[in-house]
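Walk me through this structure, please.

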Amino acid sequence: MNPPAADCEELFWRLAEALYADPAVSRSTMMGFPCLRASGKFFACVDRRTGSMVVKLPELRVTELVATGAGVPFAPNGKVFREWIAFPVPDDEEWPALLDEAEAFTSA
């Protein structure tokens, strides 16, 4: 059983604190989801309904992570976003690396 969505959101923002060392990173909203931006580009958000952390990564990387079961396709309202992946299980060891990877991808 997954922890409450509020606990996942708290973890997301706690991990986001390290990213604020980069002045280009800021907090925002995207489609109603609380999110992070780097130089104005969205790279991560938290789905308050499910507690999932959602990050933007290259389409091939998303496909690989979904195939291994590490994450699930991000499909709000039924439309799959090819460069976005949701991680429904909070992981304070894996999520920081995924946030870093997403920030690097959108900053490239």
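**A charge over a ring**

The charged end of arginine 27 sits over the ring of tryptophan 13, 3.7 Å from its centre. A charge counts as over a ring if NZ of Lys or CZ of Arg is within 6 Å of the ring centre and within 35 degrees of the ring normal. Lysine 79 also lies over a ring face, that of phenylalanine 81, at 4.8 Å from the ring centre.

This is a predicted model: local features need pLDDT of at least 70, side-chain atom pairs count only at pLDDT 80 or more, and totals for chains, interfaces and linings use all residues. Residues are numbered from 1 along each chain as its sequence is written, and side-chain values use heavy atoms, with hydrogens and water left out.

Now take the aromatic pairs. Rings of Phe, Tyr and Trp (its six-membered ring) pair if their centres lie within 6.5 Å; planes under 30 degrees apart count as stacked, over 60 as edge-to-face and the rest as tilted. By this rule there are four aromatic pairs. One of them joins phenylalanine 12 and tryptophan 13, edge-to-face, with 4.8 Å centre to centre and 80° between the planes. Both phenylalanine 12 and tryptophan 13 are buried. Buried means under 20% relative accessible area, exposed over 50%, and partly exposed in between (1.4 Å probe, protein chains only).

Phenylalanine 74 and tryptophan 84 make a tilted pair, 6.5 Å centre to centre with 50° between the planes. Phenylalanine 74 lies in the loop between strand 5 (72–73) and strand 6 (84–87), and tryptophan 84 in strand 6, so the pair ties together parts that are ten residues apart in sequence. Helices (H or I, at least four residues) and strands (E, at least two) are DSSP runs, numbered from the N terminus. Phenylalanine 74 is buried at 4% relative accessible area, and tryptophan 84 is buried at 8%. Phe33, Phe74, Phe81 and Trp84 form one aromatic cluster.

Two strands pair if DSSP finds at least two bridges between them. Six bridges join strand 1 to strand 2; serine 28, for example, has cysteine 35 in strand 2 as its bridge partner. Four bridges join strand 2 to strand 3. Five of the six residues of strand 2 are buried, so it is largely enclosed by the rest of the structure.

The largest has 24 residues, and Phe12, Leu36, Val55, Trp95 and Leu99 have the most contacts inside it. Helix 1 (5–16) gives the largest share, six residues. Leucine 99 touches residues including Phe12, Leu36, Phe43 and Val55, not counting residues up to four places away in sequence. Contact here means heavy atoms within 4.5 Å. A second, separate core of eight residues includes Phe33, Cys35, Phe74 and Ala86.

Finish at serine 52, in the loop between strand 3 and strand 4. Is serine 52 buried or exposed? It is buried, with a relative accessible area of 5%. Its side chain makes a polar contact with the side chain of threonine 50 (3.0 Å). A polar contact is a pair of N or O atoms within 3.5 Å; within protein, one must be able to donate a hydrogen and the other to accept it, and residues adjacent in sequence count only if both atoms are side-chain atoms.

Notes
A nonpolar core is a set of buried Ala, Val, Leu, Ile, Met, Phe, Trp, Tyr and Cys residues joined through side-chain atoms within 4.5 Å.
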